[in-house]
Each structure stands twice: as structure tokens, then as C-alpha cells.
Amino acid sequence: MIDIILPELPERELALVSEEFSRPSGHVPPRSAAAPALTGRVALGGPLAVPVTAELVGRVPELKAYVESEANKADRADSAAYHLVHFSVNCTEETGNPQLQTVNLDLTLSADAAGNRRAAFQPVAWSMTPLQLSGELPDTGPAHLGPRLGFVGRHRPAPGTRICLEARRELRSDPGWEIRRTPTARIRGTYRLAMVVRAPRATVSRAAVEVGATVREGHVLRRFRAELPEPLLLAAV
């Protein structure tokens, strides 16, 4: 096992655009009728991507052997490269403003092969951390990368516990996390999130990133979303 330090990341404040309209039945209003954007409540740190190389994990023989064995499949269609991707989501509570009910970070992973060839397979979220949490904020210590480049120490809360942060769609190309307000946990502070992406070698892989949030105004739940203008590039290995 190797400890991966998750550094503090430069943040960008997001303006999340309303996904919903207030309209009579059967009537679709113009875009100008949309609710104002949600600003000053959610900031995104990163994303930051680092190739997982034998040098990165060289202190642990088992991990180094696994990375090298994947690299030695270079002539096979299932040859894979791995990337460590790190995000942070900073959520702000403001007195007098609607409370955040959920915040979502969603990714769409894809890969392009050279020339007119198609990628042998699409990238997936090989492992994600935190997996589930019930406290207000996740641990800010290092992430622990274990055998086969999977995060370890990802404890699941006891059955029946209210989950306030959950990784979603692991081992798929559309992974993400959801942060939830619960009776015992508000959405506030910085949440550090990391995943290992398994991608085809000799390709440029991309991660399109979207952030969504819901706020409650009285009995109405309003939804907002923003997409980063440029995807995160996972360089060919």
C-alpha cells in the first residue's frame, strides 16, 4: 500500500444555471424566464490528473509489478494505463440563502485512438474514494492505494446510517459523487475526492466534468448545473 497525498487545489467559483422553469402546464417559457444562476455557493478545486507510473508506486513492489505488467501488454488491445485524478468541492453556507440539499460531481470519460482507429475500450473509474461517508466532512489525510491500484480503507457506514457523501457508478465511464444534506450533516466546507481511471494505452483520454446542486425554497426543490468548458485531458502513456 502507498499513501497518496491529496494536495490543496486552486479553486474556481461556479455559476450554476437553473435546470428548471416555473411554467403553466404545457407552456415552455423562453430562456430569459429561467431562475437566476446559483453563485457563491459551490467552488471546484482542480481537477488534477497524474499518470500512475512505476516510478510513482516504486516503493511498493506489488504495485510496481502490477503497473509494469500492464505496460508490458503494449501490443494487446486490452493494454491499459492508469491515471490518478483528484478534485475538491468547496461548499458555502450563507445566512438567509436557501440551504444546499445535494451537490453532485459527475464525469463522462472517453478516449480517442490515433488516426482513424477506435479506442479498444472506454476509460472507467477503476477505484474511487471516499466511497461512503456519514460525517459532515471526509478525512483530509492521504488516500491509501493498495493492490491492483484500488483504494483501501474505504469503510462503509453501518446499515441504516444516513449517508452524506457517496461515490456512484464505480467501474463505469460515467462516475461521480453525491453530497447530501442529512438531519445530522450540513453541506459545508471542502470535500476531497479522488479516483483511479483505467484507460487504453496510447490514447488521449478525456474527462468531461459537470457540477450540479439542489436548493430548497419553501416546498420547492430547485436544480442547478454547470459544465466545465474544457474537459480534463489524461495524456497518453
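View 1. Leu 48 lies in strand 4, which spans residues 42-51 (strands are DSSP runs of E with at least two residues, numbered from the N terminus). With 36% relative accessibility, Leu 48 is classed as partly exposed, that is, between buried at under 20% and exposed at over 50% relative accessible area with a 1.4 Å probe and protein chains only. Together with Val 50 and Leu 56, Leu 48 makes up a nonpolar surface patch of about 190 Å² of accessible area (patch members have over 30% relative accessible area and no salt bridge, and nonpolar side chains are joined within 5 Å; a salt bridge places a Lys or Arg side-chain nitrogen within 4 Å of an Asp or Glu carboxyl oxygen; areas follow the Shrake-Rupley method with a 1.4 Å probe).

**View 2. Val 89 in the largest nonpolar core.** This core holds 36 residues, and Leu 16, Val 89, Val 103, Leu 105 and Trp 177 have the most contacts inside it (a core joins buried nonpolar residues through side-chain atoms within 4.5 Å). Leaving aside residues up to four places away in sequence, Val 89 touches, among others, Val 42, Leu 44, Val 103, Leu 105 and Ile 179 (contact means heavy atoms within 4.5 Å).

**View 3. The second core.** A separate core of 19 residues includes Ile 2, Ile 4, Leu 63 and Tyr 82.

**Notes.** The model is predicted, with local features requiring pLDDT of at least 70 and side-chain atom pairs pLDDT 80 or more, whereas totals for chains, interfaces and linings use all residues. Residues are numbered from 1 along each chain as its sequence is written, and side-chain values use heavy atoms, without hydrogens and water.

Note on methods:
Patches are made of residues with over 30% relative accessible area and no salt bridge: like charges are joined within 9 Å, nonpolar side chains (Val, Leu, Ile, Met, Phe, Trp, Tyr) within 5 Å. Helices (H or I, at least four residues) and strands (E, at least two) are DSSP runs, numbered from the N terminus.
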